[in-house]
Each structure stands twice: as C-alpha cells, then as structure tokens.
Amino acid sequence: MGEDERGRAVAGDRRARRPAVRPWRKLRRKPPDFALFLTAAILLGIGVVMVFSSSYVKADRLYGDPYYYLKRQVAWAGVGLVAMLVALNLDYWHLRRWARPILVLGIVLLVMVLVPGVGRAAGGARRWLGFGPVSFQPSEFMKLAVVIWLSASLTARGARLRQFSQGTLPYMVLLALIFGLVLLQPDLGTAVAIGGTSFLLLFCAGVPVVHLLAAGGIGLVGVAWAIVTEEYRLRRFLAFLDPFADPLGSGFHIIQALYAIGSGGLFGLGLGNSRQKFFYLPEQHTDFIFAILSEELGFIGGVTVLGLYFFLAWRGFRIALAAPDTFSTLLAAGVTGMLILQIIVNIGVVTATLPITGIPLPLLSFGGSSLVFSLAGIGILMNISRYQTQ
Amino acid sequence: MAGDLTVGIRPRTGEERPNRRLAFFSGVLALMFLVLVGRLARLQIAQQQYFQRRAEVNSVRLYPLLAPRGTMYDRTGRVLVTTRPAWHVSLLVLKHNRAELEPLIQRLAPLLDMTPEEIRARIDQQAAEGRLFEPVRLRTDIDPRLHTLIEERKLELPGVFVEVQPVRDYLYGASAAHVIGFLGEISRAQLELPRYRQGGYRMGDVIGQSGIEGVFDEHLRGEKGARRVVVDARGRLVEEQGQEDPVPGHDLVLTLDAALQQVAEAALRDILVKLQEHPNPKYRSPNARAGAVVALDVRTGAVLAMASVPGFDPNLLVSDQRAEYYRSLERDPLRPMLPRAWGGTYPVGSTFKLVMAAAALEEGLIGRGQTVSCPGFYLVPGDRKRDWKEDGHGPVDVQQAIKVSCNVFFYEMARRLSRDPVTGREWRRVDPFGDWASAFGLGIPTGFQLPGEAVGIMPYEGAKARFGHPDPRWYPSEIANLGIGQGFNDYSALQMAIYTATIANGGTRYRPYLVQRIVRPGGEVVAEFGPEVMGTAGVRPDVLEEVRRGMLRAAMEPGGREGSGTAAHLFWDFPVKVAGKTGTAQAGRLDPDTGKEEQPHSWFVAFAPFENPEIAVAVVVEHGVAGSFAAAPVAREVLVQYFGLREPVTGAEEQPVTPVEVPAEPAGD
C-alpha cells in the first residue's frame with residue numbers, strides 16, 4: 001500500500017495518527033447516491049411482501065404461523081439496513097488493509113461449515129453455521145470477501161497483472177481453492193457467482209484477455225466436470241435442456257416454475273393469488289421467489305423488478321466508473337457485478353433460460369445472510385458514490 | 001474538480017484502465033437483461049394460455065362422488081338393500097412422491113392392518129388401469145377409531161385421507177343373496193361388452209355383478225358426481241371449488257316377501273341340519289347340504305320367495321375382506337354362489353307324475369274314475385318293475401294314483417303315451433313326454449330375468465344321443481321310468497314352481513318376475529311390471545281339476561283303502577286347503593366315502609288355497625331322503641308363513657319328522 005505520502009496532507013486531522021491512507025479527505029464528500037438507496041429499498045420492500053405472499057402457506061403448514069418467514073425476513077432486513085449504514089459510514093479504504101484477513105476469515109468459515117457438528121446441513125447441503133436460533137451462511141460472506149480482497153489485491157499488483165505467472169495464475173489457484181470449498185458444501189450457484197465476479201474483476205483490472213480465456217476454458221472444464229460427476233447436477237442440467245422429458249423427476253422444479261410464470265400472464269393473478277406456492281413449487285420463497293412474483297404480478301411485475309435491478313446495476317457501474325481510484329472502481333464494479341450476476345443467474349434459472357443452480361435473488365429471496373451482505377454491499381456502493389469524480 | 005488528485009491515484013494499471021472494460025461488461029449485462037425480458041415476454045404473453053391450462057390441471061382435481069345406489073324394497077315396503085354413508089381410507093398417489101411412497105406404505109400398513117404388499121398391489125392395479133390420478137381406496141367402511149388414528153397422523157401421511165362414500169348395505173345379509181346379487185368392480189372384459197361400453201361405464205366403477213344388482217344396474221347406479229378441489233402438490237386439500245352432486249339411482253320394489261323369504265331359508269337350513277344329524281341311519285343324510293325353494297303368485301308369476309342354500313353374504317363382498325371371501329366361496333365344493341333355485345336342476349321324481357296324469361287325461365289314455373290295478377309290480381319287456389309299496393295299492397284311478405304316488409299306474413300311462421299311433425306299437429315314442437313337460441314349462445326357458453338359468457333336461461327321441469349315452473336307443477324300461485320322473489327329467493325349482501302354478505291357475509304359464517316397480521327417488525314411477533303370459537298348457541279345465549284333486553288328496557287325505565296321501569301327515573289338519581305332490585328322485589351317484597348309493601333328492605310342489613289358488617311352492621332338498629320327509633315340511637313352513645298361521649299352528653309344530661312311507665325302491669314315492 002504505497003500511498004502513504006498522500007495522507008500527510010491531512011496531518012492536522014483529528015485522526016492524523018492513523019496511517020495516512022485517506023486521499024479522499026481531499027475530496028469533497030458528496031451525499032451518497034440516493035437513487036441507489038431508493039431502488040434498493042423498493043426492492044427490499046417488494047421482497048418482504050413477496051416472501052410473505054409466497055411463504056405463508058408453507059409457514060402455516062410447517063410452523064403453524066403464516067408469518068414465520070415474514071417475521072424473520074423483516075428482522076433480517078433490519079439487520080441488513082444496519083449493516084448498510086455501517087458500510088456507508090466506515091472508511092471503505094480500510095477494507096484495503098483488511099482485505100486479506102477478511103478473505104482468510106471467509107475461508108476459515110467455509111472450512112468450519114464442513115466440520116460435522118459445527119456446520120448445519122439442510123436439504124442435502126452443508127451451508128450454514130449455527131449460532132443458537134440464528135444461522136449464518138458463510139458463502140454469502142465469502143461473496144463479498146472475495147470482491148474486497150480481489151479489488152485490493154488487483155489494485156496492488158497493478159501492471160504485474162499482465163504477466164501470467166504474476167497475474168492470472170496465483171488468482172486462479174486461490175479461486176480454485178475457494179471454488180472447491182464452496183463445491184464441497186455443495187453450492188454450485190455461489191461458486192458460479194464467485195467465479196463470474198472474479199473474472200469480471202480480473203478483466204476490469206486489466207488482465208490480458210488471452211489469459212482469461214485460457215483460465216475460463218479451464219474453469220468451464222471444471223464446471224463441466226462438476227456437473228458430470230455429480231449425478232443430481234447432471235440430471236438438473238439435462239432437465240434444463242428438456243424439462244418435460246422427466247416431468248415428475250428432475251424436470252419437476254423447472255416445470256412448476258414455468259407453470260407459475262406462464263400462468264401469470266401480462267398482469268398476473270394478483271398479489272397473494274399464486275397457486276403454485278401450494279407446495280407445487282419448492283423453494284418458492286427463496287431461490288424461486290421470482291416465479292411466484294411473476295405468477296402473482298405478471299409480466300408487468302416481473303419486468304418492473306428487472307427494471308429496478310437494471311437501474312441498480314446502472315447506478316452501480318456508474319459509481320464504479322466515476323470512482324476516485326482503482327480500488328474504489330474495482331470494489332464498486334465487483335459489488336455491483338456480484339449482485340447482477342446473481343440476479344441474472346437466478347432469473348435465468350427460474351425462467352428455464354439457464355440450467356438449475358441454487359442461487360438466491362438478492363434483496364428479494366428469503367434468507368438472512370444473503371440479505372445482510374447484499375445490503376452491506378449496497379452500503380459500500382453508496383459509500384463510494386460519495387467520492388465520485390465525475 | 002481535484003482532477004490532478006484523481007489522476008494521481010489511478011495510473012497503476014497503466015493504459016488498461018478499468019473503465020473501458022467495465023463499460024463493455026455492463027453492455028454485456030444489459031444484453032442479458034434484455035434476454036431475460038424477452039424470455040419473460042415469451043413465457044407470460046406468448047405462451048400464457050398454455051401454461052395457465054397446464055397449471056390448472058396441475059392443481060385442480062376431480063374427486064368422484066359415488067352416487068347412492070337405488071334402494072330395494074320388498075313387496076310390503078320393507079327395505080332389503082340400501083346404501084349408507086361410510087368412511088373409507090384412500091391414498092392419492094402423487095406425481096412427485098414416488099420416492100416417498102415406500103416409507104409411506106411402510107407407515108401405513110400396520111395402521112390399516114394390511115401388508116405393504118397389499119397396498120402396493122392396490123396401487124399397481126390402479127396404475128395399470130391408468131387411474132392413478134384418482135384416489136386409491138385402501139380400506140372400506142372403517143371404524144371411528146381408525147378414522148381418528150388417521151386424522152391424528154395426517155401430517156406423516158401425505159396423500160392419505162378419509163373420505164365419505166356410500167357403501168352398499170344388505171340389511172337381510174345372506175337372505176335372497178342370489179336374487180339380489182352383489183357388487184364388484186367392473187372388469188376389463190366387461191368394459192368390452194357393448195352394454196357397458198355404451199352405457200358410460202368406466203374403469204374402476206363398482207357395478208352389480210349378479211342378480212338384480214347386475215340386471216338392473218343401469219337403474220340402480222345413478223349418476224356419479226364430482227368434488228372439484230384444489231390440492232397442493234402433496235395432494236392435500238387447499239380449497240373446495242364446489243361440487244356436482246351425484247344423482248341417486250332408482251329404487252326397485254321387488255315382488256319378494258322378505259319374511260316369507262327368511263322363513264323359506266330358515267326352514268331349509270333347519271331341515272338340512274336335521275337330515276345331517278338324524279339319529280336313524282336310514283334317514284341320516286350327511287350330504288344333505290343344499291336346497292332351493294321357489295314360491296310364486298300363481299295369478300301373476302310374481303316371485304314371492306326364492307331361496308338357494310347355501311348362500312353367501314353380499315355385505316362381505318363389498319367389504320375389505322371381499323377378495324378372500326370371494327376366493328373362499330369359489331373354493332367351496334358346495335358352490336354357494338350357484339343360484340340353485342333357478343340355476344340348479346335335479347331329477348324330479350314323482351312330482352313329474354302330474355304331467356303324466358294331465359297328458360293321459362287330455363289324450364284320453366284314461367278316463368276320469370277309470371282305474372289301473374296295482375299289484376305292487378309292473379312288467380315291461382325285459383324288466384320287472386316294482387312299486388314303492390311292495391304289496392301294491394290295488395285298483396287306483398288318476399286321483400288316487402296321484403294321492404299315493406302309485407308307480408304302477410304311471411308305468412302304465414307311460415306305456416300308453418309311448419304308443420305309436422300309426423303302427424300301434426308300444427314303448428316306441430319318447431317325444432310326447434318332452435312335449436307334455438314343456439307344455440307346463442319344464443325343460444324350457446322360463447323367461448326369468450336373472451342370468452344363470454338352467455333349462456334342465458327333458459326327454460325326447462334324441463336326448464340319449466345328445467347326452468352322450470353309448471346306446472342312443474330307448475328301451476321300454478327307460479320309457480317306463482320316464483312316467484315316474486326318473487331319467488331325463490331334470491328341472492329347476494323355478495320350473496317346478498311354474499309348473500305347479502300352471503296347474504293351479506288353470507293352465508296359464510306366466511313369466512316369473514322379481515321387480516314390480518322402478519321408482520325415481522322422488523316417487524315418480526319409471527317402469528312397472530306385471531303378469532306376462534309365456535304360454536298355456538293346452539289342457540282342458542276338467543283335466544287340470546282332476547289333477548288338482550289328486551294333489552289335494554295327496555296333501556290332505558290321511559287314510560283310505562289305497563293308502564294315505566303322501567303328504568297328508570303334514571297337511572291333514574292344515575287350516576287352508578293345500579294341494580301338493582311329493583317326489584323322491586335317485587341322485588344316481590355313489591357316495592365317494594361310503595361307496596353306497598347316496599340318499600335321493602327330495603321334492604315337494606304345492607299350491608294353496610285349493611279353491612282359489614294364490615301361491616305355488618316348489619322345494620328341493622339335495623339328498624333329502626324322501627319328498628315327504630324333507631321337502632314337504634319346508635313347503636309347509638312357507639305356507640304357514642304365507643297364510644299368517646304362525647301363531648295358531650294346529651299342533652303340527654311337534655309333528656315327528658318321519659315319513660309315513662319311505663321308498664324301499666329307488667323309484668318315486
């Protein structure tokens with residue numbers, strides 16, 4: 001971290017005894033991107049409503065309390081908003097220094113998930129760490145951790161990235177490790193999101209395209225291998241190619257999602273009127289919430305949500321492009337890219353455009369960890385937006 | 001603003017600044033968004049109708065609501081068969097829980113007291129019929145305890161539910177079971193039949209499989225309704241969307257009298273027990289295990305009682321034990337499913353003598369009051385035949401011959417009837433015997449509406465060849481036997497009842513019928529049935545009067561020079577004038593256990609009252625030793641019930657069941 005000399009310019013500051021890594025002190029702090037906040041808040045609101053609408057039947061059946069998921073989602077939204085405020089107001093440049101510990105913490109948490117007795121399993125996957133009644137999904141933390149670390153590390157490496165051995169290779173090795181840990185859970189969706197975002201950041205940071213293509217080729221082979229070797233993934237993948245070939249087995253999920261979306265039509269069946277949520281569509285309040293949303297709110301509702309996400313992405317990339325330094329740019333691009341990739345993959349899966357991978361829809365899906373870290377990421381984005389140069 | 005600063009922070013990555021590449025990347029993402037919007041448009045706008053319909057089918061199920069079958073009443077308005085609501089356990093096998101099915105079956109089996117194999121078999125069967133979208137019935141008519149148990153465990157038993165559906169209730173149990181019939185699931189073979197194919201029957205329908213249930217199924221079944229329900233993917237009810245009520249079936253008013261029917265069956269069963277356990281080995285008949293009673297209204301042909309013993313309980317054929325019960329019935333060597341009353345034929349023995357008497361009088365082979373001398377034996381070319389009474393009855397006329405059932409008289413009538421009118425040679429013709437038998441409805445179809453009728457065997461020229469005798473020629477001895485109803489005179493109890501009724505009513509042969517009225521549940525009459533003439537005997541009234549008088553004396557004249565009436569010991573003091581005829585017919589079989597000839601079958605036919613006949617009764621008891629011994633007492637019970645004499649029976653109740661005469665000879669009494 002070699003910008004120390006710039007910090008001395010603000011020696012008279014109250015916090016001058018800290019290492020002077022704060023060039024932004026020279027910049028006039030602007031109000032954060034309010035449109036971004038508003039968009040996120042609207043999506044969060046839609047999410048809370050949709051989580052309730054899609055889950056009350058299941059909640060009532062399972063827990064005798066239709067508000068079971070709603071209560072939790074609202075509580076997590078509160079936690080998320082706090083995380084967002086924290087992320088908005090902390091000096092995000094600190095993340096540069098903390099990038100490596102954060103990544104190490106993420107890896108440790110991922111390993112802990114795999115330890116029997118520590119990690120919690122559900123639905124055939126070990127993805128959670130439990131703390132009393134609260135459970136936490138380290139892979140959600142990992143998504144943000146990887147973005148922070150890559151932004152910091154890529155900025156630090158600078159021109160060395162152009163060399164394969166100094167640039168692409170070490171990243172590939174580390175990413176392969178993270179990839180492997182996530183796949184052990186197994187959680188292909190998160191692996192895809194992390195992999196995609198990493199590529200985005202490497203690409204933006206200036207890693208030669210040839211290297212990326214080579215590494216991407218290897219990565220694709222890896223993904224293909226992961227699909228072919230795990231029977232359920234293969235079945236899911238084949239089901240994507242032709243869901244109606246096995247309508248009661250592997251195609252069931254997709255078909256039920258298509259029924260939901262398709263029967264929604266232009267205006268939808270109306271909020272709360274979904275039929276597919278009556279146990280036809282599994283994961284109706286988590287990964288497949290968009291299907292229920294499309295069923296109840298129709299094409300209009302679906303496109304509105306897509307539009308909001310698109311606006312979110314546009315604001316995010318705008319912030320990245322206008323960010324004051326490389327780290328800020330990469331961090332903003334990474335956070336935005338991570339969110340958008342998840343959105344595209346999720347909606348792609350739900351509309352049978354992509355093969356089935358379990359991935360939550362940021363801000364909409366039920367799930368505390370995803371919500372908190374998505375909101376924290378948006379907090380970071382807003383933080384960066386305060387220092388726009390354009 | 002502060003341009004120098006920003007530039008200063010950035011240059012590390014050289015000319016490959018993130019901006020250009022990032023802009024490119026956002027362009028790619030924007031394109032992906034467009035793809036998704038396009039995809040949504042395709043699914044939700046272009047293909048909306050398709051998916052909407054599919055989703056609809058996905059969640060809306062039609063649960064069939066069975067229609068209550070029509071009620072059957074007896075002639076006095078007593079309910080014989082009805083339908084009551086009952087709880088059933090059903091399983092809706094769901095698309096996606098095939099993997100969960102096995103553990104579910106394991107959990108369910110002990111609860112329902114079934115084996116997992118049985119449950120699997122039910123499911124497989126229904127799957128084979130392509131009806132897995134309908135609930136699979138696992139248990140019928142469960143008790144409240146099991147109902148509670150299932151409701152309590154509902155969450156562990158996805159797809160399992162308790163439903164109310166009507167179940168058939170045969171209030172009189174096994175009584176008249178053959179007549180009423182039973183229900184069963186339609187078979188593949190039945191579905192192929194035009195009747196069911198065109199009648200809107202479907203796989204899985206429960207239909208009448210025999211008796212009135214079978215013949216009148218179209219009337220009884222009503223129309224199924226349906227419950228339109230929205231279910232979740234696990235088959236659990238989410239919402240009722242209303243229902244189409246089933247239309248109950250038509251009610252039937254039968255001609256049967258339930259009380260008379262029960263009396264007939266009880267009397268038959270009682271006599272069988274007595275025969276099996278009789279202290280005197282001469283009268284003991286361990287193989288006396290079956291019999292039949294038919295009682296007709298002689299004025300219309302309406303069936304008043306129609307008993308076949310042994311029988312079965314149709315209630316068990318609609319219960320959970322139906323499969324085992326059905327198998328046990330099929331395995332039973334006594335064939336309890338056989339409707340003996342109209343589906344079993346027996347050699348009729350001396351009851352045939354009434355045909356001979358009418359034929360002889362009508363053809364002028366003998367005149368009223370003319371006698372034939374009975375020395376106790378009769379000579380035919382190549383044979384010396386004996387009367388059942390060894391010292392003979394002396395000279396007897398037609399009436400007396402019927403009264404004492406004189407064999408010699410009827411051997412003589414057989415000789416006269418067999419005479420060839422052209423050549424004048426005797427012991428030639430057999431056909432007149434059959435012609436006269438069929439004139440009274442014997443050996444020909446009765447026109448009875450229930451399936452399974454046996455027409456029996458009547459004598460005619462080609463009969464021996466037809467029934468596979470090595471020598472197709474008729475010998476005088478055989479023709480003489482025809483005169484007393486032995487050989488080639490096998491008829492059913494129903495035919496014998498019609499025959500008796502025809503004699504009683506002056507020669508009109510009616511079609512026997514069981515259903516007098518079909519009524520819609522509201523009370524509107526759909527159809528009515530009354531007497532239908534099938535034919536006439538073609539005999540002068542005075543001839544039949546002579547026959548009837550002989551029957552009256554057989555039943556009611558205890559003494560006399562020629563002997564006592566064969567059934568007089570039972571009816572001599574009967575308050576209503578009864579006319580009857582006994583019959584004892586060689587079974588023609590050796591008992592496989594003892595090697596001795598089996599006890600003969602016992603017949604009795606009667607009508608009453610004599611002056612103005614109302615009822616005709618025919619009774620047959622397999623291996624019943626003698627007509628007067630087994631069959632006649634049963635007929636007496638029926639008549640006692642019919643005439644309401646149950647209370648003031650005139651001492652005959654304690655009548656020792658011992659025949660006045662018992663045949664030493666195989667030939668009639």
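## Terms and model

A residue is called buried when its relative accessible area is under 20%, exposed when that area is over 50%, and partly exposed in between (1.4 Å probe, protein chains only). This is a predicted model, in which local features need pLDDT of at least 70 and side-chain atom pairs count only at pLDDT 80 or more, while totals for chains, interfaces and linings use all residues. Residues are numbered from 1 along each chain as its sequence is written, chains are lettered from A and ligands numbered from 1 in the order in which they are written, and side-chain values use heavy atoms, with hydrogens and water left out.

## Chain A overall

Chain A has 12 helices and 3 strands; these are DSSP runs numbered from the N terminus (helices H or I, at least four residues; strands E, at least two). Of its 390 residues, 59% are buried.

## Helix α2

Helix α2 of chain A covers residues 68-89.

Buried residues of α2(A) include Tyr68(A), Leu70(A), Gln73(A), Ala77(A) and Leu88(A). An α-helix has 3.6 residues a turn, so residues three or four places apart point the same way.

## Val118

Val118(A) sits in the loop between α3 (94-114) and β1 (119-122) of chain A. With a relative accessible area of 35%, Val118(A) is partly exposed.

Notes. Expected span 1.5 Å × (residues − 1).
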